Each structure stands twice: as structure tokens, then as C-alpha cells.
Amino acid sequence: METTSSSPVKPRRKDKDEDGHAEQEQDSTDQAGEPQRKLLRLAETSPAKEVLLNEAYQQPELTQWLQTAWSEEKSQGKKETQTGAQVFGDPFQICLLPGLLEKGQSQALVAEIIQKVQWSRKQMDLYEFYQSTDLSNMPACRLLTNFLQVLRKQVRPWLEKVTNLKLDYVSASCSMYTCGDYLLVHDDLLKDRQVAFIYYLSPWEGAEEWSESQGGCLEIFGSDDQCFPQFPVQRKIAPKDNQFAFFKVGSRSFHQVGEVTTFDYPRLTINGWFHGETNEAFVADSLRAFPRLNYLQPDSLNKPPLGLFLNNVYLKSATRRSIQKRIEENSEICLYEFFKREKFELARSQLLADSNTLKWRRQGPANAHNYEVLDLTTAKGTILELLQLFRSHAMFDLLRDFTDLDLSGADAQSPKCSVELQRWSHGNYTVLGDGLASEENTLDLVYYLNAAEGAAVITYLSPDAEMPAAKAPADNRRSDYDGEDEDDSVLLTITPVDNALNIVYRCEGTTKFTKYVSRNTPLEKGPVFVISCSYKE
Ligand SMILES: O=C(O)CCC(=O)C(=O)O
Ligand SMILES: [Fe+2]
């Protein structure tokens with residue numbers, strides 16, 4: 001699903017701006033043009049011949065200070081007064097070095113990046129941003145090549161002293177995040193990565209250090225005793241021109257890049273890893289599983305009459321037969337106006353109006369998903385009736401007719417289902433391998449209420465022959481620059497439509513994710529609700 005494109009320009013958002021005015025579609029070249037114009041101005045004033053490290057970081061006393069600070073576990077943060085260098089030990093070791101290069105150099109680097117770098121658009125469950133090829137493969141970019149040399153020859157041996165880790169080689173590329181771009185929670189653990197680094201470039205006048213409202217912070221997560229990252233974010237590091245950040249890669253090094261929310265500047269970095277021995281944590285990490293869904297037997301206590309809820313057309317045997325035929329051929333179908341309109345309207349308005357009785361909890365861990373689920377014991381009214389209906393014997397019977405699966409009847413062994421009511425807002429997502437990947441054949445139902453275009457869009461992917469996506473660590477899907485183009489593993493994308501029931505039969509190994517809901521997605525009618533069910537024979 002990786003896609004590439006030469007233009008780093010995204011459509012402007014169509015919803016309202018801060019003043020409440022609907023924005024006009026704007027000529028997209030403006031966005032790339034504006035920073036570029038600013039930069040060219042900057043670059044003219046600072047012709048740099050080679051990349052030079054700030055003298056202050058070459059003093060042995062400073063290296064000694066960093067070494068000591070780095071080795072102190074769980075420290076809440078220490079700051080060195082002369083350089084402003086900071087070291088945090090909690091939740092894992094992170095170091096910030098402001099002013100890494102001599103003055104004016106970040107401007108020259110940015111000028112070169114804007115003028116010469118070819119970008120590929122990276123799009124997957126975990127991310128949307130632009131990436132360059134590896135810096136070792138950019139002969140036309142003199143300064144970037146030189147920067148890589150500085151990393152290899154000067155920074156690497158220096159980092160070995162500070163961190164007491166053996167570091168053999170460096171991989172690095174440029175990244176650019178424009179408005180709406182993000183990189184969700186991951187730990188960077190892959191093979192021999194030992195230390196992750198990010199060099200931030202933001203030489204724009206007045207935006208040398210980003211404010212929280214512009215987004216794009218490096219966000220750091222703490223983790224529980226099973227090494228699952230936990231909400232809320234524990235630390236935020238805003239992009240700051242000429243600042244170098246590095247951290248130790250391990251089984252708790254969970255971090256993300258928060259969505260960029262400014263249209264004014266792209267978030268530019270040179271980032272990558274210092275590699276060494278195979279990371280011990282990587283081996284252990286591949287055994288770590290996500291929590292699984294909870295399956296229950298059909299509910300014998302509640303017997304909601306389908307005729308009261310369903311659109312009559314779906315109760316007719318002729319319709320059931322054609323649905324079955326269609327699912328047999330395509331493995332999926334979308335049943336529009338599935339419930340009677342008045343039932344749907346009632347459920348939707350109850351969901352939107354309720355602010356007290358329904359209890360929602362955020363569903364983590366953060367590296368698997370971030371959306372809210374209803375505590376089913378707090379459901380009432382039509383919502384409760386619909387949820388009960390999905391677990392009822394009548395529904396299992398209906399689904400057997402729709403699919404010919406042994407979900408009821410004499411051949412049924414122990415049919416079961418999981419039912420969840422989800423609430424989707426800006427910033428929510430699931431990623432691949434979050435336990436929703438089926439180990440057995442499964443029938444999924446997805447029913448939307450208060451649907452909005454682009455929110456809670458579900459993508460199904462075919463099993464990967466080499467590495468089942470469900471088992472692949474997130475970072476295997478995003479290795480050091482891989483240059484991979486679009487792949488064709490997308491089987492199906494479910495577009496949210498109100499009162500439509502999507503039925504998907506998926507085979508073992510097929511996986512799915514619900515795409516990150518960017519702040520550019522208009523949600524002025526409120527959050528999107530999804531009843532998500534899975535059935536097994
Ligand atoms: O750009 C950043 O602040 C972090 C980037 C990152 O985590 C990554 O590329 O793995
Ligand atoms: Fe990372």
C-alpha cells in the first residue's frame with residue numbers, strides 16, 4: 001500500500017478555519033511555493049560549504065556531563081546550562097542537543113533539501129508523510145552527503161562514548177510532514193538499530209521552535225509492565241531548528257510524530273538510526289502479542305424480533321438468497337438501509353445526545369489502537385436493543401442464511417461473536433496486527449451511525465506470504481528507507497455510509513486497520529459510531 005508521488009502537496013482542508021469561515025480550495029502550488037520562497041531568501045544569506053558541528057559539543061567536559069546524565073536511570077530531566085543540552089531518563093533515555101551545527105547551516109541544508117530532494121509519499125496504517133532516499137545515495141546533494149559524513153565520522157564515535165553502546169554504521173534519510181501527516185506509535189525496534197536520532201530543521205522566520213498548536217511534536221509514551229505503551233503521552237518534544245534528538249531503541253522506546261496541523265511550514269527532519277549488534281529487545285519483541293477480542297456465545301436471554309428492526313427487504317428469502325450468492329462470489333456485501341430508518345435515527349440521536357449515562361473508555365494499547373468503546377453495561381434504549389440484536393440467535397440464523405456458514409443449525413459447533421460499539425473522533429486509529437487479524441476464518445459486520453466521509457474508513461489487506469502482517473512488528477513495515485512502491489495487498493476498503501451494514505468474510509491471515517482520522521476530516525456533525533462485530537463458526 002505504499003504509494004509514491006512526486007508532489008509533496010496535499011489538498012487544503014475543506015472544513016472551517018479558526019475563524020469559522022469555510023476555506024476556499026487553493027491552488028496547491030502555493031503551499032510548496034511559500035516555504036520555498038522563504039527559504040531561497042534564507043539560503044542566499046548563508047552559503048555553506050560544509051557542515052560543521054557546534055564547537056560547544058566538542059568539549060570533553062560536555063561529553064563527560066552527557067555520559068553521566070545518560071547513565072542515570074529514570075531521571076526526570078537534567079539540563080546543561082552552557083549548551084542547553086537535556087537528558088531524560090524516563091520513560092526511556094532521550095537526549096536533546098539544541099544548536100547542533102554552527103549557525104546558518106540548517107538554512108543551507110533546508111535550501112538543498114527543497115531544491116534537490118526527490119520525495120516518495122509513504123502511506124500505510126502507521127503513517128503518512130514524505131521520505132527521501134537514504135543519504136548515502138544522494139550524490140547530487142553535497143551538504144546532505146556531507147552531513148552523513150559528519151554523522152559517521154564525528155557523531156557516531158562521540159555517541160559511543162556518551163551511550164556506552166557499540167555503534168557500527170548510520171542510516172539516514174530526510175522526512176517531510178505536511179499538514180495532516182503523522183507517524184503513529186512505534187518503538188523503532190528492528191534488527192540492529194541501537195540509537196534513533198532526529199535532526200530538526202525549521203529555519204523559517206518566527207517558527208524556529210514550533211508551538212503545540214502547530215502539531216508535529218515527537219511524543220513519548222510510557223509503557224506498562226508488559227511493555228505496552230500507555231495513554232496519555234508522557235512527554236512532547238516540539239520541532240526546533242538545528243536541534244538533534246537521540247534515544248535508545250528498546251522494548252519501551254514508544255514514540256510517535258503527532259499530526260502536523262499547520263499549513264504554514266512543512267516539518268522537515270533528517271532522521272535515522274545508529275546500528276550495532278542485533279538489539280536484544282528485538283528478539284523478545286517478536287514474541288509479544290496484542291490483546292485479543294473477547295468472543296461470546298449467542299445470547300439466549302434476549303430474543304428481539306428481527307421484524308421490528310430490520311428493513312423488510314432483508315427478511316425476504318429471495319433477498320437472502322441473492323445476498324448469499326453475492327458473498328460467495330465476492331466475500332463481501334454492503335446492505336444499505338439495513339435497519340428501519342426510524343430505528344437508525346433513534347439510535348443515532350441517542351448516541352449524539354447522551355453525555356452522562358453512556359460510559360466510553362479509550363481502547364489501547366497505544367501501539368495497537370486508539371478509539372473509544374462503549375461499556376456495554378451502560379447501553380440503554382434503542383442502542384441496547386441493537387447491540388442485543390447482534391448477539392441474538394435470530395442474528396446468527398440470519399447470518400447463516402446470508403453466508404451458509406455454520407453459525408446456527410444442526411452443524412453449528414460453538415458459534416460465537418464479539419460485539420463492540422466504537423466512537424471515532426479526530427486522532428483515532430487502529431493499526432495492523434492489533435489482534436483483529438484473524439487466525440481463523442471470520443465473518444465481520446460493520447455498521448455505521450453518524451457516518452462522515454473519511455472517518456473510520458476500514459481497509460482489509462491480503463495475507464503477506466513472507467511475513468503475516470498480523471505478526472510483523474510495526475517497524476518491519478517501515479524499515480530503513482526501503483524505496484518500495486505501491487503494493488497491491490489491499491483487498492477492500494469500507495467507506496462509511498449511515499445505516500449500511502457491511503458484511504465481510506475474511507480468511508485466516510487477512511488483516512485490517514481503521515485509518516487514522518486526521519484533523520482535516522470534517523466531523524462537524526459529531527463523532528462517528530461503529531458497531532463492529534466478528535462471528536466465528
Ligand atoms: O521525526 C521525529 O520526531 C521522529 C521520527 C520517527 O520516530 C521515525 O522516523 O521513526
Ligand atoms: Fe521512530
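Trainee: Which residue stands opposite I494 in β21?
Mentor: In this predicted model, the residue opposite I494 of β21 is I458. I458 also stands opposite T514 in β23.

Trainee: How do strands of a sheet pair?
Mentor: Strands pair through backbone hydrogen bonds, and the pairing is either parallel or antiparallel. Here β20 and β21 pair in the antiparallel sense, over four bridges. Strand β20 (residues 458-461) is also joined to β23 by four bridges, and these two run antiparallel.

Trainee: What is the order of the strands in this open sheet?
Mentor: The open sheet has three strands in the order β21-β20-β23, with antiparallel pairing. Its edge strands are β21 (490-494) and β23, each of which pairs on one side only. From one strand to the next, the twist averages 20°.

Trainee: Where do the side chains of a regular strand go?
Mentor: They alternate between the two faces of the sheet. Take strand β23 (residues 511-514), where T511 and F513 are on one side and K512 and T514 on the other. All four of these residues are buried, so both faces of β23 are covered.

Trainee: How are two packed helices described?
Mentor: The description uses the angle between the axes and the distance between them. For helix α9 (residues 381-391) and helix α10 (residues 393-403), the axes come within 5 Å and cross at roughly 55°. The two helices, α9 and α10, are therefore oblique to each other.

Trainee: Which residues of α9 and α10 meet?
Mentor: From α9 there are L389, F390 and R391, and from α10 there are H393, M395 and F396. The residues of this contact divide into four nonpolar, one polar and one charged.

Trainee: Next, the metal. Which residues coordinate the iron ion (ligand 2)?
Mentor: The iron ion (ligand 2) is coordinated by H186 through NE2, D188 through OD and H255 through NE2, at 2.0 to 2.3 Å. The spacing of these donor residues in sequence is H-x1-D-x66-H. D188 lies in the loop between β7 (182-186) and β8 (193-201), while H255 is in strand β12 (residues 255-257), so this pair ties together parts that are 67 residues apart in sequence.

Trainee: Are D188 and H255 buried or exposed?
Mentor: A residue counts as buried when its relative accessible area is under 20%. D188 has 3%, so D188 is buried. H255 is buried too, with 4%.

Trainee: Now a loop residue. Where is V51?
Mentor: V51 is in the loop between α1 (29-44) and α2 (60-71). With a relative accessible area of 5%, V51 is buried.

Trainee: Which residues is V51 in contact with, leaving aside its neighbours within four places in sequence?
Mentor: V51 is in contact with L101, Q105, L143, N146, F147 and V150. As for S106, that residue is 55 residues from V51 along the chain, and the C-alpha atoms of the two are separated by 9.0 Å.

Trainee: Last, the chain as a whole. How many helices and strands does the chain have?
Mentor: The chain has ten helices and 24 strands. Of its 537 residues, 56% are buried. Among contacts in the chain with a separation of 6 or more, 82% are between residues 24 or more positions apart.

Technical notes: Residues numbered from 1 in each chain as written. Chains lettered and ligands numbered in written order. Predicted model: local features only at pLDDT ≥ 70, side-chain atom pairs only at ≥ 80, totals over all residues. Heavy atoms only, no water. Buried < 20%, exposed > 50% of the residue type's maximum accessible area, 1.4 Å probe, protein only. Contact = heavy atoms within 4.5 Å. Donors = N, O, S within 2.8 Å, 3.2 Å for Na, K, Ca; no water. Pairing = 2+ DSSP bridges. Axes fitted to C-alpha atoms, helices over the stretch in contact; angles between N-to-C directions. Parallel < 35°, antiparallel > 145°, perpendicular 65-115°, else oblique. Nonpolar A, V, L, I, M, F, W, Y, C, P; charged D, E, K, R; others polar.
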